[in-house]
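User: I'm new to reading protein structures and would like to work through this one by asking questions. Can you take me through it?

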Amino acid sequence: MKKNIVWIAQLISALFMLQTVFLYKFPGHKDSIYIFSTIGMEPYGRIGSGVVELIASVLLLTSRYSWIGALLGLGTMSGALFFHLTTLGIVVNNDHGFLFAMAAILWTLCLIVLILRKKYIPIKL
């Protein structure tokens with residue numbers, strides 16, 4: 001059961017981040033440009049976070065290195081949540097809070113992966 005949960009969390013996280021990268025961030029979707037312009041990080045923040053999410057997605061599709069992907073995902077989603085709560089607001093361009101909710105869900109899924117894959121982390125705390 002635990003094995004199924006972690007793989008489902010990894011797969012959903014990877015697929016949603018890949019979708020965001022290839023449909024919004026890399027092609028320069030107007031909503032993505034608006035978001036990163038609003039926080040003063042266009043285009044470098046958009047492309048940079050897209051690269052990090054791409055790397056995280058690939059790592060999430062492995063067992064051994066999924067914890068690194070989860071850590072990268074936690075970092076990027078923490079940034080997204082921070083900017084939603086401080087600069088952007090929960091609702092962006094009448095999206096009814098969809099982007100905020102997706103960031104929160106992905107953050108949670110990455111945390112689940114990190115916890116369930118802790119045996120692969122080489123540093124024991």
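User: Is F82 buried, partly exposed or exposed?
Analyst: Buried means under 20% relative accessible area, exposed means over 50%, and partly exposed is in between (1.4 Å probe, protein chains only). F82 sits in helix α4, where helices are DSSP runs of H or I with at least four residues, numbered from the N terminus. Its relative accessible area is 48%, so F82 is partly exposed.

User: Where do these values come from?
Analyst: This is a predicted model, where local features need pLDDT of at least 70 and side-chain atom pairs count only at pLDDT 80 or more, while totals for chains, interfaces and linings use all residues. Residues are numbered from 1 along each chain as its sequence is written, and side-chain values use heavy atoms, with hydrogens and water left out.

User: What distance separates the C-alpha atoms of F82 and F100?
Analyst: Along the chain, F82 and F100 are 18 residues apart.

User: Which face arrangement do the buried residues of α5 have, and within what arc?
Analyst: The buried residues of α5 are M102, A103, L106, L109, C110, V113 and L114. The arc is taken from the directions from the helix axis to the C-beta atoms. Seen down the axis of α5, these residues line one face of the helix, because they fall within an arc of 140°.

User: Which helices do the buried residues of α5 pack against?
Analyst: Contact here means heavy atoms within 4.5 Å. By that test, the buried residues of α5 pack against α1 (2-25), α3 (44-60) and α4 (66-88).

User: Which element gives the most to the lining of the largest pocket?
Analyst: On a 1 Å grid over the protein atoms alone, a pocket is an open set of points where a 1.4 Å probe fits, with protein on both sides within 12 Å along at least five of seven lines; lining residues have an atom within 4 Å of a point. The largest pocket has 30 lining residues, with T20, K25, I35, A80 and L99 nearest its centre. Two or more residues come from each of α1, α2 (30-38), α3, α4 and α5. The top contributor, with 7 residues, is α4.

User: How many charged residues line the second largest pocket?
Analyst: Its lining includes K2, K3, R117, K118 and K119. Asp, Glu, Lys and Arg count as charged. The lining divides into 4 nonpolar and 1 polar, and the charged residues number 5.
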